[in-house]
Amino acid sequence: QVQLVESGGGLVQAGGSLRLSCAASGSIFSINAMGWYRQAPGKQRELVARIRSGSSTNYADSVKGRFTISRDNAKNTAYLQMNSLKSEDTAVYYCNALVVTNAGRYVEVWGQGTLVTASS
């Protein structure tokens, strides 16, 4: 079993910064990719950023140049540095991981979500 625990959400003024963390634990052999998704009220969940095991990244157009995803493989942890936050970034942010377990299974895991509010 694999769990993701997120932290770092909160309330910030527009233009400010926040850093989200996502720590994976459990029966992990390797993590192929980790990513952040978000869901605003009344909207569908969308990909914000993803980082693969080879450190390649991709971002939603709306956050390019403002958000940076990174990972610490030794700690099985991913980070999302969010700068120049806008009110439209307000959402619940979910961590996602594609994991190979010690039993050789490929599983997709989600965190519980953390609320980010950027007030204008």
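This is a predicted model: local features need pLDDT of at least 70, side-chain atom pairs count only at pLDDT 80 or more; totals for chains, interfaces and linings use all residues.
Local features here need pLDDT of at least 70, side-chain atom pairs count only at pLDDT 80 or more, and totals for chains, interfaces and linings use all residues. Residues are numbered from 1 along each chain as its sequence is written, and side-chain values use heavy atoms, leaving out hydrogens and water.

Let's start with the strands (DSSP runs of E, at least two residues, numbered from the N terminus). Two strands pair if DSSP finds at least two bridges between them.

| Strands | Bridges | Facing residues |
|---|---|---|
| Strand 1 (residues 2–7) and strand 3 (residues 18–26) | six bridges | Leu4 and Ala24 |
| Strand 3 and strand 8 (residues 77–82) | six bridges | Leu20 and Leu80 |
| Strand 9 (residues 91–101) and strand 10 | five bridges | Ala97 and Val109 |

Strands 9 and 10 make a hairpin, with four residues between them. In its turn, Gly104 has a positive phi of about 85°.

Now follow strand 10 (residues 106–110). In a regular strand, side chains alternate between the two faces of the sheet. Val107 and Val109 point to one face and are buried (under 20% relative accessible area, with a 1.4 Å probe and protein chains only).

Thr114 counts as buried because its relative accessible area is 12%. Leaving aside residues up to four places away in sequence, Thr114 touches (heavy atoms within 4.5 Å) Glu6, Gly9, Leu20, Ala91, Val92 and Tyr93. A polar atom of the Thr114 side chain lies 3.4 Å from the backbone nitrogen of Gly9.

Methods:
Buried means under 20% relative accessible area, exposed over 50%, partly exposed in between (1.4 Å probe, protein chains only). A polar contact is a pair of N or O atoms within 3.5 Å; within protein, one must be able to donate a hydrogen and the other to accept it, and residues adjacent in sequence count only if both atoms are side-chain atoms.
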